[in-house]
Amino acid sequence: HLVLRFVMKLTNKNNFVKSVLITGVNGLLGSHVANLLVRNGFKVFGTNRPGSKPQISNVELIELDLSSNWSPDILPQKIDLVLHFAQSQQFRNFPDGANDVFSVNVVSTQKLLEYARNSSVKHFIYTSTGGLYRNEKSQLNENSPINCVSKLGCYLGSKMCGEILTQNYSSFFYTSIIRPFFIYGRGQNRSMLIPRLYDKVKNSEQILLEGRDGLTINPIHVLDAAKTVLELILNPQSITFNMAGPQKISIREIADVVANYLGETAQYDFVEREPHDLIADISLMQKRFYKPKLLFANSLSDVRQ
């Protein structure tokens, strides 16, 4: 990465990124990307919610509540790259959390895009979600159908709005949209899918499965995800792409792997309903940026609390 960065500096000085602003820098992906960028010589600014404890070092922190009526004046006057990783914490809380979701995922995205336009930004990266796609039996590529508006709901609808807003600024700077599928890793909120399954097995709680095995996914370890983002930064382009892992694995397989690791027996409850798999086609990600390598069974030490 250092060699590639040096080559880019020599061959494309106008587009070389030196300073980075990361929203949600204390989050799972934000913190790992920040640490990777710092190690590779970038100047990193990061926004974190007021009162939250910094989890990273060598990053200039900016306390900012994206759900408030905030002003871009609090941000650095000049920046090369914006990584918009922040997510509303109220994404499961509809309708009570709808205003928070809208403020963070839509209003703040628009404010950041305008800030980027006025701050000579070269590249804006927005994290959306693979949850936008319509569930299908085949792998989901970037051209697969998006769910109809009535089925997206508040959170997914807000992410779709964020994508549309971001794409409209592609004439001013590179606009990249990442659609992650089930990122997991050390320090993740325990309410998210992978750590939640881990805790259920550990606590002998029943896991609800559709059909025999539940849905199948291809989750990505946060270290692979962070390396993918770094490659995107080093190879800037306007693009929308899926970000997921190399392994297709069902919910039952995930729980059984955890059970074997813990020396426990996973407890299941079954629903006679066909599971709706969410498997990302990552051909574009692998061709343009990075081939993920980490398998779930080899990463359990990063999932335990």
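Author: Gly214 counts as buried, because its relative accessibility is 6% and buried means under 20% relative accessible area, exposed over 50%, and partly exposed in between (1.4 Å probe, protein chains only). The model is a predicted one, in which local features need pLDDT of at least 70, side-chain atom pairs count only at pLDDT 80 or more, and totals for chains, interfaces and linings use all residues. Residues are numbered from 1 along each chain as its sequence is written, and side-chain values use heavy atoms, with hydrogens and water left out.

Reader: Where does Gly214 lie?

Author: Gly214 is in the loop between strand 8 (206-210) and strand 9 (216-217); helices (H or I, at least four residues) and strands (E, at least two) are DSSP runs, numbered from the N terminus. Its C-alpha is 6.1 Å from that of Ser250, although 36 residues separate Gly214 and Ser250 in sequence.

Reader: How many helices and strands does the protein have, and what share of its residues counts as buried?

Author: There are 8 helices and 13 strands. Of the 305 residues, 51% count as buried.

Reader: How do you know that the radius of gyration agrees with that of a compact globule?

Author: The radius is taken over C-alpha atoms, and the globule rule is 2.2 Å times the number of residues to the power 0.38. For 305 residues a compact globule would have a radius near 19 Å, and the protein has 19 Å, so the value agrees. The C-alpha trace spans about 55 × 45 × 40 Å along its principal axes.

Reader: Which residue forms a salt bridge with Lys122, and why does Lys122 count as buried?

Author: The partner of Lys122 is Asp80, with the closest N and O atoms 2.8 Å apart. Lys122 lies in the loop between helix 3 (98-118) and strand 5 (123-127) and Asp80 in the loop between strand 3 and strand 4 (81-84), so the pair ties together parts that are 42 residues apart in sequence. Lys122 has a relative accessibility of 19% and therefore counts as buried; Asp80, at 8%, is buried. The structure holds 9 salt bridges.

Reader: Why is Asn58 called exposed, and Phe182 partly exposed?

Author: Asn58 has 65% relative accessibility, so it counts as exposed. Phe182 has 28% and therefore counts as partly exposed. Asn58 is in the loop between strand 2 and strand 3, and its phi is near 60°, a positive value in a residue other than glycine. Phe182 lies in the loop between strand 6 and strand 7 (183-184), and its phi, near 55°, is a positive value in a residue other than glycine.

Reader: Why is Lys293 called exposed, and where does Lys293 lie?

Author: Lys293 has a relative accessible area of 56%, so it is exposed. Lys293 lies in the segment after helix 8 (283-288).

Definitions and conventions. Salt bridge = Lys/Arg side-chain N within 4 Å of Asp/Glu carboxyl O.
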